[in-house]
Structures are given as C-alpha cells and as structure tokens.
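Student: Could we go through this structure together? I would like to know what can be read from it.

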Amino acid sequence: MCQGKRSALANIMNAIAHNLDLPYKCYGVNLPKSKHYILCLIDGLAYQSFLEHKNSTSFLSTCNNVSSLSSGFPSTTASCLTSLATGLDAIEHGIVGAAFQHSERYFSSLRWCYLNSSDSKYKENIIPSITIPYGIWDCLKEHKINVNAIIPIDISTSVFTSKVFSAAKIYGYKDFSEITSMIEEVFKREERSFTYIYFGNLDLIGHIFGVDSQKWKDEYLYLDSLIQKIHRLVTEKATLLVTADHGMVNMSQSDMIDFNEIPALTEQTHLICGDIRARHIYLKPAFRDNILIDNWIEHLGNNFFVFKKEEAIKAELFGIDRNEENEDRIGDLIVISRGQFGLIDSSSNFDQYQSSWIGHHGANTENEQLIPLLIWN
C-alpha cells in the first residue's frame, strides 16, 4: 500500500477529509463516501492480536473489510493521537515521543509538562511553549463539519486533550450509556460529522498484566460488545471505523538492559527520554560534535539499532517531510529495540513505571507497528 504519511492514523484522517471534499489527498486508505464518520480507537491493539483473537469475538470477527496499516514511529500514544488530529507525521507536528527534550528539560507529552528530575511525580511550574500546528481537524471545523471527541472523563479535561484536540467538541464519559447519548446527540444535527471515540483500558491492562493475559482477553471481549452496540446505533447513518494507535509486546525483566550499568555511555549522556523500546538520547555538549557511534554500537548493537539524529531524519523514521524546528526535539541518538529488548535507566525517576510493566511499545517491530483497520458502511 502506498502511504503518504508514515503514521496510519494520519493516512486515515487524510482519507476521511478527502471523502468529505476537503483539499487532502487519499494515500492508499480507501473509505466509502459518507456524511458521517465514526472512528473507534482501541489503544494498544496489534493487528496480530486481532487475528489471533478473531474467533473469540462475536462482532469484530464479522467485519468483511479488514486491512493492516503501519502505526508509524514512534509507536506510542501521544505521537499517534497527535497524528490523528493533524493528519501529520511526528516530525511535522512535533510530538516526537512519549517524552523528549524541550528547552533543555524532560517534557512528558501525555502529561504535557516538564518533569522534575529529582522526582518524576512532580512537574516543574514552567508552561511549555509547545503548540500543535494547524491540522485536519481544524480544517474540518472551518468547513462546518462537526468534529467530536468522546473520551474517558478522567482524561477529557487534560492539557494534552485541550492542546491536541482543540478543534473538537469534547465529551467526557464514565460509562457506555453516556457514549450512547453522546452519539445520539451528534446524529440530531444536520451537518456532516467526524466523531472519535477512545478506548484506553486495553493498553493500560497490557502494560500492567501483559498482552494475552486473562484480564487483557476479558477487556477485549468487553470492547467487542461495546463496538457492536455502537454499530447498531449508527447503521445506515455513518461509516464506522475501528483501528488502533499501536500494538504491544510482552517483555520480561531479563529483557531489560540497564543503561545505568554502562558507564561508558552514561558519562556521555545528558538526558534519556522516550519509551524503553524507542529512546531519544541527548548527549552532553562535549560529545555532540563528535559522536562516538562505534562506542554505542559496541555496547548496544546486538540488541538495538542505533541511529544518529541526521541518519534517522534522512531515513524518514519520524516522517517524510522535514521540519527543522521540530528536529531539535529529536535525540542526538535514536536507540530502537531490535526484538524483545528494552533500555531502562535504573538511576532515573522517569523510568520507575516503565521498568515495572510487562507490555511495552514504541519500536518498529511488526507487533508494535501493524494495527488493524475495520470498516463498516
């Protein structure tokens, strides 16, 4: 499939905008024409997981229009959801990871704040000067197309939501009955619409208990039943899409390599950011102009791909269209897991949660990259 963007969600939004007669190209994602589009996003659902559990579902298994798309790099929620709202790749919209360096500080994307290195639970009281560029949702709104985002109530008022989904009318839900009433309200209006519905628990459960754990399976079957109910609500009124932002892989503690135990590398490093399977490494000034890449490959090369920033940009890892302003946010080195490994830093407060998880994502293995796209019309 010819992709105009690295991000699957960017390509899906370009196709929706194209079908709504806006000036966007359709990059290989073929959607039926419709007045209303409803996109259900299951955070953390890999295409392979969809295939493996297809026979256990009563509704998702009935879809006869299924394809796989590539999540894009990094395969992490903050980057992917920003691509959904803008129709742009990470290097274009600037959210280049779950965390990255900005203004010489550690910036957490989903929390939308600088974190204090002495205690990652506390944010620095400095407002980040980060803006999201004009994107597809903005264009939809300008053309009088009703843009809605139905999001769990506990994150519906987050700064990330307000910044990234600023063009949408935000609905916060506690349970499925509220989703039902929100969808019914959307369809009472006459204008064309795009509605995004976010389901985040599968990702959370995958992180804590692992993909394919019993809790993961139970949640997946629950989501299958919810999406079936949504389908019944929108039959003959809209095109229903089900997709994901990224997949996930399980890791054991023995797969986690401690960066803090490699002094030859830590002595060169100012800051390490991102997911443990897809790291931004920011070097100290003395090491930036003459990067000792052989040194890094010697210590990490068997388990990780190691790219210099310029190599990663030229390889279009973060997207096809360069943006020099956002390139400053990319690490001097990009370290990506070759397989099942992760790079943790036991000395860092920022890694305290990631190192305890079972399920992880961020890299470009098939189980992290390939996501399903299901279409009902």
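Tutor: We shall discuss the core, the aromatic rings, the cysteines, and the pockets and cavities.

Tutor: This is a predicted model, in which local features need pLDDT of at least 70 and side-chain atom pairs count only at pLDDT 80 or more, while totals for chains, interfaces and linings use all residues. Residues are numbered from 1 along each chain as its sequence is written, and side-chain values use heavy atoms, with hydrogens and water left out.

Student: Which residues touch the most other members of the largest nonpolar core?

Tutor: They are Trp 137, Leu 140, Phe 194, Tyr 196, Phe 199, Ile 230 and Phe 318, in a core of 104 residues. A nonpolar core is a set of buried Ala, Val, Leu, Ile, Met, Phe, Trp, Tyr and Cys residues joined through side-chain atoms within 4.5 Å. Buried means under 20% relative accessible area, exposed over 50%, and partly exposed in between, with a 1.4 Å probe and protein chains only. Apart from this core lies another, of 16 residues, including Ile 262 and Leu 283.

Student: Why is the pair of Phe 160 and Phe 165 edge-to-face?

Tutor: The ring planes of Phe 160 and Phe 165 stand at 85°, so the pair is edge-to-face, with centres 6.2 Å apart. Phe 160 is buried, at 4% relative accessible area, and Phe 165 is buried at 2%.

Student: What about Tyr 196 and Tyr 198?

Tutor: Their planes are at 40° and their centres 6.3 Å apart, so that pair is tilted. Tyr 196 is buried, with a relative accessible area of 1%; Tyr 198 is buried as well, with 10%.

Student: Is Cys 113 buried or exposed?

Tutor: Cys 113 is buried, with a relative accessible area of 4%. Cys 273 is buried too, at 0%.

Student: How much space lies in the largest pocket?

Tutor: About 1,300 Å³. Of its 46 lining residues, the closest to its centre are Leu 110, Ile 155, Tyr 198, Asp 203 and Leu 204. On a 1 Å grid over the protein atoms alone, a pocket is an open set of points with protein on both sides within 12 Å along at least five of seven lines, a cavity is a set where a 1.4 Å probe fits but cannot get out, and lining residues have an atom within 4 Å of a point. Grid points are joined across faces, edges and corners, and a volume is the space filled by probe spheres set on the points.

Student: And how many cavities are there of 30 Å³ or more?

Tutor: The count comes to 2. The largest cavity holds about 60 Å³ of space, and its lining includes Arg 6, Cys 80 and Phe 318.

Conventions:
Phe/Tyr/Trp six-rings, centres within 6.5 Å; stacked < 30°, edge-to-face > 60°.
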